[in-house]
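Thanks for coming, everyone. Please look at the sequence and the model on the screen, and we will walk through them together.

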Amino acid sequence: ARYKVSGESSLSARSLNLGGSVEVGPGGDLTKGSADLLLSRGEWTYRGSLNRNLNTGTTGAELSAGYKKGNLEFYGLGGHSAERGNYVGAGLTFRF
């Protein structure tokens, strides 16, 4: 399922994108579920995601925030997953 809203005001463009999914295995048992969020306002973008695997009993989550102005973009993130454990990161992109 997905829900999207966007609009513009005199100050900035805004958008909200919410989504989620479930996976059902044989016999109708719920095996996986996930949810995600993307929120943008002007030059700022915020993301979050959460997923759960009921077969393996693992959960993963990630949060990030980014800022983009012209050709320059900066973001930071943090999260947890079964494969990577706990992690944090930052990135910088310059487009030319």
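One term before we start: buried means under 20% relative accessible area, exposed means over 50%, and partly exposed is in between, with a 1.4 Å probe and protein chains only. Now the ground rules. This is a predicted model, so local features need pLDDT of at least 70, side-chain atom pairs count only at pLDDT 80 or more, and totals for chains, interfaces and linings use all residues. Residues are numbered from 1 along each chain as its sequence is written, and side-chain values use heavy atoms, with hydrogens and water left out.

First, the overall picture. The chain has seven strands and zero helices. Helices (H or I, at least four residues) and strands (E, at least two) are DSSP runs, numbered from the N terminus. The C-alpha trace spans about 50 × 30 × 20 Å along its principal axes. The radius of gyration is 17 Å, while a compact globule of 96 residues would have one near 12 Å. That radius is taken over C-alpha atoms, and the globule rule is 2.2 Å times the number of residues to the power 0.38. Of the 96 residues, 16% count as buried.

What about contacts? Contact means heavy atoms within 4.5 Å. Take the contacts with a separation of 6 or more: residues 24 or more positions apart account for 12% of them.

Next, the strand pairs. Two strands pair if DSSP finds at least two bridges between them. S5 and S6 pair in the antiparallel sense over nine bridges. Glu62 stands opposite Gly79 in S6. The two strands form a hairpin with two residues between them, and Gly70 in the turn has a positive phi of about 65 degrees. S6 then pairs with S7, residues 85-94, also in the antiparallel sense, over ten bridges. Here a hairpin of three residues joins S6 to S7. Ser81 has Gly85 in S7 as its bridge partner.

Is Ser64 buried or exposed? Ser64 sits in strand S5, and it counts as buried because its relative accessible area is 17%. Beyond its neighbours within four places in sequence, Ser64 is in contact with Thr45, Tyr46, Arg47, Gly76 and Leu77.

Asn17 is in strand S2, residues 13-24. Asn17 is buried, with a relative accessible area of 17%. Not counting residues up to four places away in sequence, it touches Arg2, Tyr3, Lys4, Asp36, Leu37 and Leu38.

Gly89 lies in S7. Gly89 is partly exposed, at 30% relative accessible area. The C-alpha atoms of Gly89 and Tyr75 are separated by 8.4 Å, and the two residues are 14 apart along the chain.

Last, the largest pocket. A pocket is, on a 1 Å grid over the protein atoms alone, an open set of points where a 1.4 Å probe fits, with protein on both sides within 12 Å along at least five of seven lines; lining residues have an atom within 4 Å of a point. Which residues line the largest pocket? They are Gly42, Glu43, Trp44, Thr45, Arg47, Ser64, Ala65, Gly66, Tyr67, Lys68, Glu73 and Tyr75. Strands S4 (44-53), S5 (58-69) and S6 (72-81) each give two or more residues to that lining. The largest share, five residues, comes from S5.
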